[in-house]
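Biologist: I would like a close look at one part of this model, followed by whatever contacts can be described around it and elsewhere. Please keep the account plain.

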Amino acid sequence: MADQLLEITGLNKHFGGIFATENVNLSVERGTIHAVIGPNGAGKTTLIAQLSGQLKPDSGNIEFDGRSIINDSVATRARMGIARSFQITSVVMPMTLLENVMLAVQGGSGHSFGFWSPVHRDRAMETSAMSSLAEVGLEDRARRTAANVSHGEQRQLEVAMALAMKPRMLLLDEPMAGMGKEEGAMMIDILKRLRGDMTILLIEHDMDAVFSLADQLSVMVNGHVIATDTVENIRANKEVQKAYLGDGHA
Amino acid sequence: MDWNLLVTQLMNGLQLGLLLFLLASGLTLIFGIMDFINLSHGSFYMIGAYFCGTIVAKTGSFVTGIIVGLIGVFIIGALVEWLIARKLYRKDHLDHVLVTFGLILIFDTLVHLLWGASGMAIPLPDVLNGQLSFGGLVLPTYRLLIIVAGLLVAAILFILVTKTRLGMLVRAGASNRTMVEALGVNIDRLFLVVFALGAAMAGLAGMLIAPITEASIGMGNDIIIVAFVVVIVGGIGSVKGAFYAALIIGLIDTLSRSYLDQLLTLTMPGNYAETAAPALSAMLIYILMAAVLAFRPQGLFPIAGVK
Amino acid sequence: MSWLPANLSGRSYALLLAILALAPFILEWANQPFYLDLLSRALILGIAAISLNLILGFGGMISLGHAAYIGIGAYCVGIPSYYDYYNGWLHLALALSVSAIFALITGAISLRTKGVYFIMITMAFSQMVFFTFLSMEEYGADDGLVIYSRSEFPEWLSMDSGVSLYYWVFAMLLLSLMFTHRLVHARFGRVIVGSRFNEQRMQALGFNTYRYRLTCYVISAMMCSVAGMLFGNFAGFISPDIMGWARSGELIFMVIIGGVATFFGPLVGTIVFVLLEEFLSAITVYWHLIFGVMLVALVLFGKGGIHGWLSSWDRKEADHG
């Protein structure tokens with residue numbers, strides 16, 4: 001069997017009487033882009049929340065690089081190399097883009113119990129942060145406050161921060177939501193470049209992006225994964241068409 | 001075993017517990033429903049005592065003092081809510097802390113201005129000054145009255161909260177504020193009533209204790225912290241929690257002061273026990289609070305819907 | 001990167017420090033030695049305010065119990081002195097370690113909570129300290145404790161005279177300012193500030209925010225205990241009153257009027273507070289009323305409350321880049 005960086009088995013999470021994720025099984029092969037699609041409320045964000053450690057599943061297991069991470073905290077998993085971008089932009093608004101990314105660089109480089117050396121004189125950290133910003137095309141706005149850039153640019157910042165952590169795996173929750181056409185195209189380019197070196201689990205609604213990027217595609221409906229396969233096979237899958245792609249999608 | 005002492009201390013503990021309940025119930029509802037931290041809640045305790053004392057001095061009637069005093073504190077509470085608290089609900093907790101801290105300074109100084117620096121004694125009618133005998137036990141009448149009054153208010157509050165529409169709104173508001181607003185309820189009036197009612201109960205506590213301890217400036221500022229501890233231990237927003245937590249804390253505090261040194265002498269030499277006991281009994285309720293936070297942070301009797 | 005409020009430049013603060021450094025001479029020349037006492041007290045409280053600002057201003061942790069550490073520091077001078085142990089290094093070491101241990105234990109518990117809970121719990125713990133000292137008859141309890149002689153240091157470091165104590169205080173103040181400045185700009189400080197604005201994001205970046213905050217809390221407590229140790233020496237008489245939660249409220253007030261999350265703000269705020277207190281109490285015995293009204297007005301009408309100040313600071317500071 002190919003090298004699975006992430007293995008999810010039997011993941012269950014319910015709120016009250018509703019199953020947000022029910023018996024989800026999913027594997028992501030190292031170096032590939034695995035996209036998850038599905039209608040709103042299908043449980044995709046709940047899935048990511050359980051993977052990143054924000055939510056504790058009721059049952060099931062998550063293995064990262066062969067090791068179960070089910071009991072690890074958000075911060076621990078992040079330090080292990082799992083970087084997440086949020087569906088609702090979650091950056092440090094009053095700080096500049098550069099400061100935000102430098103925090104991510106810090107996060108990816110061991111502990112931050114340094115009490116003395118000023119961070120803004122750390123050339124290596126600044127260079128590293130700037131290169132992450134450059135990857136998403138934000139380097140010329142590095143000294144603008146996060147609150148003062150456009151929504152799309154904030155989404156790009158989210159991705160830049162995830163990359164700056166030098167992670168082993170990216171969990172991207174609708175990175176292109178709210179982005180214009182140009183920004184979206186740039187994001188697709190970035191993700192294409194990353195493929196092979198980086199393992200990515202991607203939730204997206206933008207079908208063009210998904211079809212052009214995904215090595216594997218999982219379809220979620222009502223908390224279940226109803227199909228996992230290559231893009232062509234999923235497009236041809238009758239069940240998927242009926243449940244999701246069918247009405248109104250070409 | 002001195003039974004009379006034990007029963008007296010149990011009564012004192014019960015009394016303290018019920019007074020704490022009067023203070024904490026308003027506090028817990030205000031925290032729970034309005035998410036408002038009111039450091040000056042103890043000022044209502046003080047104002048109640050002074051109002052009552054003034055009226056007793058003028059009319060000679062303790063009952064009139066209580067009734068008019070309650071109305072007075074209710075009005076003051078309503079005014080504070082209307083003029084000040086209301087403007088702060090959407091603001092940071094730090095703002096609440098600063099404003100209500102300022103209110104304490106204002107109220108303390110106003111009391112100083114109006115009634116002078118020395119405290120005010122409130123004489124009790126003779127009928128309440130005596131003692132009652134039960135079997136071999138002799139208990140002060142007034143303290144019994146406080147206990148009875150406290151239990152009565154608790155019962156009324158219980159009925160209010162569980163059996164009336166207002167109570168239902170209060171309980172709903174404690175666990176889901178936005179939903180209550182969405183229901184089209186006049187949230188402003190609800191908050192006003194809750195705040196003023198809480199103030200009135202704090203005032204009642206002050207009035208009840210003042211004949212024993214004297215009304216004095218800043219009398220509410222230390223006991224309010226214990227009320228906060230009660231709220232935390234009982235669970236924010238939970239009146240039932242406030243009731244049980246208040247009784248537990250009242251009893252622990254009172255009994256430990258009397259008996260902890262004897263308990264400690266079982267485990268350590270007498271002179272150590274004598275110095276350690278007062279310090280330890282002072283810390284006991286805070287240790288309890290810490291334990292609750294460590295093992296059951298939502299409180300001992302949290303309202304439903306709180307994890 | 002400028003961290004100062006936009007309307008005051010670095011030069012103004014350098015001037016302030018220079019004046020403070022020369023204060024004993026200036027006051028001697030102006031024949032107003034009483035004011036040296038006032039200034040000493042202001043600077044001591046300034047150190048406490050700077051320490052509080054670390055967790056409150058920069059870290060967003062609203063502690064209503066910080067005065068407890070002033071008390072701990074002061075009694076770490078008072079109690080050894082009671083037993084005739086006057087060694088200054090001992091006092092200092094005790095203050096730092098006792099405050100660190102107390103902060104570690106209470107912080108570990110308090111920091112598991114947020115918002116209203118956290119405020120109440122810090123208040124409760126400081127009351128606990130207050131009542132504990134109040135119950136210790138041996139050390140004066142309510143009547144207080146007299147400290148007959150100042151902490152003993154080698155002759156060149158002595159704090160025996162009013163002027164030498166003042167320079168002790170001034171030196172500690174400089175250290176606090178410098179240390180805070182370094183800390184906030186260092187890796188650690190960035191995590192603390194980031195956690196104040198978006199804890200979820202910080203955890204997603206791999207930071208165990210609880211541990212960072214707890215460390216910050218302990219550091220802040222230790223700094224505050226130094227202020228307490230200095231206070232014990234300055235006042236010569238201490239009582240549990242110096243550590244009640246009302247004192248903590250005053251500390252918060254000092255931090256606020258100076259400007260939250262700035263480096264010199266707490267110092268400026270403290271000096272203003274102490275001068276106001278001195279000035280107003282000379283006018284009327286009811287000066288607390290004026291204070292209270294000021295506080296209420298400040299929050300209700302001052303630019304959207306303190307939070308408004310916080311956000312306006314954020315924009316100003318960030319745009320300096």
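Biologist: Is A:V219 buried or exposed?

Modeller: This is a predicted model, and what follows is computed from it. A:V219 is buried, because 23 other C-beta atoms lie within 10 Å and the cut-off for a buried residue is 20 or more. The residue is found in strand β9 of chain A, which covers residues 216-221. Between A:V219 and A:A49 there are 170 residues of sequence separation and a C-alpha to C-alpha distance of 17 Å.

Next, the contact between chains B and C. Chain C contributes 40 residues and chain B contributes 39 residues. On the chain C side, two or more residues come from each of α5 (115-135), α10 (245-258), α12 (287-301) and α13 (305-319) of chain C. Of these, α5(C) gives the most, with 14 residues. The side of chain C that touches chain B has 28 nonpolar, 10 polar and two charged residues.

One helix pair in this contact can be described further. Two packed helices are described by the angle between their axes and the distance between the axes. The axes of α10 of chain B (residues 220-234) and α5(C) come within 10 Å and cross at roughly 130°. That angle makes α10(B) oblique to α5(C), and the crossing of α10(B) past α5(C) is left-handed. From α10(B), the contact is made by B:I225, B:F228, B:V229 and B:I232. From α5(C), the residues are C:Y117, C:M120, C:I121, C:M123, C:A124 and C:Q127. By class, the contact of α10(B) with α5(C) has nine nonpolar residues, one polar residue and no charged residues.

Technical notes. Residues are numbered from 1 along each chain as its sequence is written. Chains are lettered from A and ligands numbered from 1 in the order in which they are written. This is a predicted model: local features need pLDDT of at least 70, side-chain atom pairs count only at pLDDT 80 or more; totals for chains, interfaces and linings use all residues. Two residues are in contact if their C-beta atoms, placed from the backbone, lie within 7 Å. Helices (H or I, at least four residues) and strands (E, at least two) are DSSP runs, numbered from the N terminus. Ala, Val, Leu, Ile, Met, Phe, Trp, Tyr, Cys and Pro count as nonpolar, Asp, Glu, Lys and Arg as charged, and the others, Gly among them, as polar. Axes are lines fitted to C-alpha atoms, for helices over the stretch in contact, and angles run from 0 to 180 degrees between N-to-C directions. Angles under 35 degrees count as roughly parallel, over 145 as roughly antiparallel, 65 to 115 as roughly perpendicular and the rest as oblique. A crossing is left-handed if the near helix is turned anticlockwise from the far one by less than a right angle, and right-handed if clockwise. A residue is buried if 20 or more other C-beta atoms lie within 10 Å of its own, exposed if 12 or fewer, and partly exposed in between; C-beta atoms are placed from the backbone.
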